[in-house]
Amino acid sequence: MNKNLDGFVIIDSLIAIILITLGILFYIECDQSINNGIKRAENHLIESRKKYENNLK
């Protein structure tokens, strides 16, 4: 292959790896954020239910 094309292929491959890595990191961050929100909502629901059940007694 031509030396210029070899450089282009290497740069193109590095850019692809960087984009894939950024996509994975973004997915992980979003997943953690969503899971934290679900846990907070679940805890709030449990506390609200306990208060409601205590008021009925």
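This is a predicted model: local features need pLDDT of at least 70, side-chain atom pairs count only at pLDDT 80 or more; totals for chains, interfaces and linings use all residues.
A helix here is a DSSP run of at least four residues, numbered from the N terminus.

**Figure 1. Phe-26 sits in helix α1.** Now hop along the chain to Asn-36: that's 10 residues away from Phe-26 in sequence, and the two C-alpha atoms are 15 Å apart in space.

**Figure 2. Arg-49 and Glu-53 make a salt bridge.** Side chains of opposite charge can pair when their charged atoms come close. Here, the closest N and O atoms of Arg-49 and Glu-53 are 2.9 Å apart, inside the 4 Å cut-off for a salt bridge. The two residues are 4 apart in helix α1, which runs over residues 3–56, so about one helical turn separates them. Arg-49 counts as exposed at 56% relative accessibility, while Glu-53, at 35%, counts as partly exposed. How many salt bridges does the count give? It comes to 1.

**Figure 3. The protein chain has 1 helix and 0 strands.** Its radius of gyration is 25 Å, well over the 10 Å that the globule rule gives for 57 residues, so the chain is more spread out than a compact globule. Along the principal axes, the C-alpha atoms fill a box of roughly 85 × 10 × 5 Å. What share of the 57 residues is buried? Buried residues make up 0%.

**Figure 4. The protein chain exposes about 5600 Å².** Carbon and sulfur atoms supply 65% of that area. As for charge, the chain carries 7 positive and 7 negative side chains, and the centres of the two sets lie 13 Å apart.

Technical notes:
Residues are numbered from 1 along each chain as its sequence is written. Side-chain values use heavy atoms; hydrogens and water are left out. A salt bridge is a side-chain nitrogen of Lys or Arg within 4 Å of a carboxyl oxygen of Asp or Glu. Buried means under 20% relative accessible area, exposed over 50%, partly exposed in between (1.4 Å probe, protein chains only). The radius of gyration is taken over C-alpha atoms; the globule rule is 2.2 Å times the number of residues to the power 0.38. Accessible areas come from the Shrake-Rupley method with a 1.4 Å probe; for residues, only the protein chains shown count as cover. Lys and Arg count as positive and Asp and Glu as negative; His and the chain ends are not counted. The place of a charge is taken as NZ of Lys, CZ of Arg, CG of Asp or CD of Glu.
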